[in-house]
Amino acid sequence: MMEKDERSTNFCSIVKDDFLQYYRENHTLKSKIGSTIYVLLEPGFWAVFNHRIAHWLFLKNLGILALFIMRLNKFFHNVDISYEAKIGKALRLPHCMDIVIGSSAIIGDNVEILNGVTLGAVKIRTEGKRHPTIGGGVLIGAGAKVLGDIYIGNNSIIGANAVVIDSFPENVKVGGIPAKEIGKVL
Ligand SMILES: CC(C)(COP(=O)(O)OP(=O)(O)OC[C@H]1O[C@@H](n2cnc3c(N)ncnc32)[C@H](O)[C@@H]1OP(=O)(O)O)[C@@H](O)C(=O)NCCC(=O)NCCS
C-alpha cells in the first residue's frame with residue numbers, strides 16, 4: 001500500500017513539474033488560461049506525459065500496456081522513448097521531432113533535448129547498461145547522437161550534430177565528430 005501511494009504521488013508531482021516548466025517559460029500568451037492552453041498545445045509535454053504513463057505501467061509489471069503507449073507515442077509524436085528509460089522531472093522537448101531514447105538511458109532533472117537527437121547504444125542488439133546517463137540541466141542540441149554507456153555532467157551543452165562517444169564532466173560545451181570539448185558553460 002505504501003509503495004503504491006509513493007508511486008502515485010511521485011507520478012503526479014513529476015507531471016506537475018513537467019507542466020510547470022512549459023507554463024513558466026511561456027512568453028506568448030500572458031494569462032493563466034492562455035498559459036495553460038499553451039502547455040496543452042505543446043506536443044513535447046504530451047510526449048513526455050505518455051512516457052510517464054508507459055514507465056509507470058512498466059513499473060507495475062504491465063509491459064504490454066507500456067509497449068502499447070510507447071508505440072502510440074511513436075506514431076503520434078515521432079519520438080521513440082523506451083518505457084524503461086529513467087527520466088527526471090521537467091524534461092523539455094521544444095520541437096519534439098525524431099527523438100530516440102534507449103531503454104537503459106538515464107536522464108536527470110531539467111534536461112532539454114532538441115530535434116533529431118538519439119541517446120543510443122554503440123552496438124545494437126546488446127544487453128545491459130548500453131545507453132548514456134545525462135546529468136541535470138544538460139542541453140542536447142539538434143541532431144546530436146550520444147552513444148554508449150557514457151556520462152554527461154550536469155549543465156553541460158552538447159552542440160548541434162555532435163556525435164558523443166566519450167564521457168564529459170559538468171559545465172562544458174562539446175561538439176564535433178567525435179565530440180571534443182569546445183568551451184565552458186559559465
Ligand atoms: C555548441 C554551442 C552551444 C556552442 O555555442 P557558443 O558557445 O556560442 O560557441 P562558439 O560559437 O563561440 O564556438 C566556439 C567554437 O566551437 C565551435 N562549434 C560551435 N558549435 C559547434 C558544433 N555544434 N559542432 C562543432 N563545433 C562547434 C566553433 O566553430 C568554435 O570553434 P573555434 O573556436 O575553433 O572557432 C552551439 O554552437 C550549438 O551547437 N548549440 C545548439 C543549438 C541548436 O541545436 N539549435 C537548434 C535549434 S532548433
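Tutor: Two strands count as paired if DSSP finds at least two bridges between them. Helices (H or I, at least four residues) and strands (E, at least two) are DSSP runs, numbered from the N terminus. What you see above is a predicted model, in which local features need pLDDT of at least 70 and side-chain atom pairs count only at pLDDT 80 or more, while totals for chains, interfaces and linings use all residues. Residue numbers start from 1 along each chain as its sequence is written.

Student: Thanks! What makes β4 and β7 a pair?

Tutor: Strand β4 (residues 106-107) and strand β7 (residues 133-134) share two bridges, and at least two is what the definition asks for. They run in the parallel sense, with isoleucine 107 opposite isoleucine 134 in β7.

Student: Which sheet has β4 and β7 in it, and in what order do its strands come?

Tutor: An open sheet of four strands, in the order β2-β4-β7-β10, with parallel pairing.

Student: Why are β2 and β10 called edge strands?

Tutor: Each of β2 (86-87) and β10 (151-152) has a single partner strand, so one side of each is left without a neighbour in the sheet.

Student: What is the strand order in the open sheet of five strands?

Tutor: That order is β1-β3-β6-β9-β12, and the pairing is parallel. The edges here are β1 (79-81) and β12 (163-164), because each has a single partner strand. β1 and strand β3 (residues 99-101) are joined by three bridges, and aspartate 80 stands opposite valine 100 in β3.

Student: How do you know that β13 is paired, and which strands are its partners?

Tutor: Count the bridges. Strand β11 (residues 157-158) runs parallel to β13 and is joined to it by two bridges, with isoleucine 157 opposite lysine 173 in β13. β13 and β14 are antiparallel and share four bridges. Across that pair, lysine 173 stands opposite glycine 183, and glycine 175 stands opposite lysine 180.

Student: What stands out in the hairpin of β13 and β14?

Tutor: Four residues lie between the strands, and glycine 176 has a positive phi near 95 degrees. The peptide bond from isoleucine 177 to proline 178 is cis, with omega near -15 degrees. Proline 178 is in the loop between β13 and β14.

Student: Which residues are closest to the ligand, and what makes a residue count as near?

Tutor: A residue is near if its C-beta atom, placed from the backbone, lies within 6 Å of the molecule. Here 15 residues surround the ligand, and Gly141, Ala142, Gly159, Gly175 and Ile182 are the closest. The elements that give two or more residues to this shell are β13 (172-175) and β14 (180-184). The shell holds six nonpolar, eight polar and one charged residue, where Ala, Val, Leu, Ile, Met, Phe, Trp, Tyr, Cys and Pro count as nonpolar, Asp, Glu, Lys and Arg as charged, and the others, Gly among them, as polar.

Student: Why is cysteine 96 called buried?

Tutor: Buried means 20 or more other C-beta atoms within 10 Å of its own, exposed means 12 or fewer, and partly exposed is in between, with C-beta atoms placed from the backbone. Cysteine 96 has 20 such neighbours, so it counts as buried. Aspartate 98, with 14, is partly exposed.

Student: What makes a group of residues a nonpolar core, and which members touch the most others in the largest one?

Tutor: A core is a set of buried Ala, Val, Leu, Ile, Met, Phe, Trp, Tyr and Cys residues joined through C-beta atoms within 7 Å. The largest has 43 residues, and Ile140, Val146, Ile158 and Val164 touch the most other members. α3 gives the most to this core, with five residues.
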